[in-house]
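The topics follow one another in short groups of points.

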Amino acid sequence: MSDLEITGRCLCGAVTYEATSKNGRLGVCHCSDCQRWKGGPFIGLDVETISIEGPVRWYSSSEWAERGSCSECGSALFWRMKDGRHQTVSAGSVDDPSAIKDIKSHIFIDSKPDYYDFTGDAPRLTGEETLAMVMEQMKAEDA
Ligand SMILES: [Zn+2]
Ligand SMILES: [Zn+2]
């Protein structure tokens, strides 16, 4: 499969990016940090490479991850692991969302409030299952 090339921007246009995504699939995070940051779940597109232009403010949200927003308009745009293993862009910031296929998984589903639901049968992982999966991936990549 050839990589998907995408472009995107924040609300005011001060931050733009070009990125490549292998699968064009989305991960939806329902954790309480994402709810506070986005005002709802964070729908992220996995990207392999990315080049960002403009004034991004990075916020260190945990020991291992940070979140990037436009310092002008505040759009929540990027989530990445500090060691560079994994990075995502906000699905809503992608210029041409027709290239995005589907949702691959939901994480921290046990933190989802009752007032919304998603359709589709993508796997739904609890917080505990999510952390176990991340640990396994880290182990596999280190081996
Ligand atoms: Zn902006
Ligand atoms: Zn989250």
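A search of the whole structure, which is a predicted model, finds six aromatic pairs. One of them is formed by Y17 and F78, whose ring centres lie 5.4 Å apart with planes at 75 degrees, so this pair is edge-to-face. The points below begin with the aromatic residues and then turn to the zinc ions, the annotated domain and selected positions along the chain.

**Aromatic pairs and charges over rings**

- The pair of Y17 and F78 joins distant parts of the chain, since Y17 belongs to strand β2 and F78 to strand β8 (residues 76-81), 61 residues apart.
- Y17 and F78 are both buried.
- A further aromatic pair, Y115 with Y116, is also edge-to-face, with 5.8 Å from centre to centre and 65 degrees between the planes.
- Y115 counts as exposed because its relative accessibility is 68%, and exposed means over 50%.
- Y116, by contrast, has a relative accessibility of 13% and therefore counts as buried, the cut-off being under 20%.
- Y17 and F78 also belong to a cluster with W58, linked by ring pairs.
- The face of W58 has R80 over it, at 3.5 Å from the ring centre.

**The zinc ion listed as ligand 1**

- Four protein donors lie 2.3 to 2.4 Å from the zinc ion (ligand 1): C10 (SG), C12 (SG), C70 (SG) and C73 (SG).
- The arrangement is tetrahedral because the four donor atoms subtend angles of 107 to 114 degrees around the zinc ion (ligand 1), and the tetrahedral class requires all angles to lie between 85 and 135 degrees.
- Along the chain, the donors of this zinc ion (ligand 1) follow the spacing C-x1-C-x57-C-x2-C.
- C10 and C70 are both buried.
- C73 has a relative accessible area of 30% and is therefore partly exposed, a class that falls between the 20% and 50% limits.

**The zinc ion listed as ligand 2**

- The protein donors of the zinc ion (ligand 2) are C29 (SG), C31 (SG) and C34 (SG), at 2.1 to 2.3 Å from the ion.
- These donors of the zinc ion (ligand 2) show the spacing C-x1-C-x2-C along the chain.
- C29 and C31 are both buried; for C31, the relative accessibility is 11%.
- C34 is located in helix α1 (residues 32-38).
- With a relative accessible area of 2%, C34 is buried, as the limit for that class is under 20%.
- C34 and P97 are 63 residues apart along the chain, and their C-alpha atoms are separated by 21 Å.

- How many disulfides does a search of the whole structure find? The search finds zero.

**The annotated domain**

- An unreviewed UniProt entry carries the annotation "domain: CENP-V/GFA" for residues 6-117.
- Over residues 6-117, 6% of the chain is helix and 47% is strand.
- The end C-alpha atoms of residues 6-117 are 27 Å apart.

- D102 is placed in strand β10.
- The relative accessibility of D102 is 35%, so D102 counts as partly exposed.
- D102 and E53 are 49 residues apart along the chain, with their C-alpha atoms separated by 27 Å.
- I107 is likewise found in strand β10.
- I107 has a relative accessible area of 21% and is partly exposed.
- Between I107 and G40 there are 13 Å in space, C-alpha to C-alpha, and the two are 67 residues apart in sequence.
- F108 lies in the loop between β10 (102-107) and α2 (127-142).
- Most residues other than glycine have a negative phi.
- F108, although not a glycine, has a positive phi of about 50 degrees.

Definitions and conventions. Residues numbered from 1 in each chain as written. Chains lettered and ligands numbered in written order. Predicted model: local features only at pLDDT ≥ 70, side-chain atom pairs only at ≥ 80, totals over all residues. Heavy atoms only, no water. Disulfide = S-S within 2.5 Å. Buried < 20%, exposed > 50% of the residue type's maximum accessible area, 1.4 Å probe, protein only. Donors = N, O, S within 2.8 Å, 3.2 Å for Na, K, Ca; no water. Tetrahedral: all angles 85-135°; square planar, octahedral: opposite > 155°, others 65-115°. Phe/Tyr/Trp six-rings, centres within 6.5 Å; stacked < 30°, edge-to-face > 60°. Helix = DSSP H or I, 4+ residues; strand = E, 2+ residues; numbered from the N terminus. Lys NZ or Arg CZ within 6 Å of the ring centre and 35° of its normal. UniProt positions renumbered as here; feature names shortened; annotations may be inferred.
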